[in-house]
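Dear colleague,

I am handing over the structure below, and my notes on it follow. Please read them beside the model.

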Amino acid sequence: MPAHADQFSITTRGKGTYDITSQVERIVRASGIRVGTATVFVQHTSCSLVIYENADPSARTDLHEFFERLVPENTPWFVHTCEGPDDMPSHIRMVLTRTSEVIPVMQGRMTLGTWQGIYLFEHRRAPHTRNVVVSVVGE
């Protein structure tokens with residue numbers, strides 16, 4: 001079964017969601033695979049990947065606020081705090097979401113829905129450079 005893998009980096013400006021759909025699409029197209037799956041994986045423990053609404057940015061604003069309330073910084077019973085008050089919350093937020101997504105490929109393209117995009121979800125306040133690996137398998 002043919003396989004293709006590539007990677008790219010994205011520099012974040014701190015907490016938030018960053019659309020990486022076009023970078024993943026380029027790798028899927030370059031693979032030459034017409035039918036199969038694309039696995040997208042982020043190599044970090046304080047950010048994650050989500051497939052999310054891509055039409056109305058207010059949906060992402062609500063997602064950000066929800067996670068701020070769900071896993072707040074400065075929680076007094078967190079023990080892992082040596083890297084700052086946003087470190088442990090970032091790890092928990094990552095566990096509640098995912099570090100990988102699998103998207104079917106048909107006719108050489110990802111089969112995302114009309115209003116879906118792939119986002120890197122940065123959970124740390126400071127800017128970071130994040131590495132994303134894409135593996136495409138199929139025929």
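Strands (E, at least two residues) and helices (H or I, at least four) are DSSP runs numbered from the N terminus, and two strands pair if DSSP finds at least two bridges between them. This is a predicted model, in which local features need pLDDT of at least 70 and side-chain atom pairs count only at pLDDT 80 or more, while totals for chains, interfaces and linings use all residues. Residues are numbered from 1 along each chain as its sequence is written, and side-chain values use heavy atoms, with hydrogens and water left out.

Strand β5 (residues 100-106) is joined to β6 by two bridges, the two strands running antiparallel, and M106 has R109 as its bridge partner in β6. Both strands belong to an open sheet of five strands in the order β1-β8-β3-β5-β6, with antiparallel pairing. Because β1 (3-11) and β6 (109-110) stand at the edges with a single partner strand each, one side of each has no neighbour in the sheet.

R124 lies in the loop between β7 (116-122) and β8, and R124 is buried (under 20% relative accessible area, where over 50% is exposed and in between is partly exposed, with a 1.4 Å probe and protein chains only), its own value being 9%. The side chains of R124 and D87 are joined by a polar contact of 3.1 Å, that is, a pair of N or O atoms within 3.5 Å, one able to donate a hydrogen and the other to accept it, where residues adjacent in sequence count only if both atoms are side-chain atoms.

With regards
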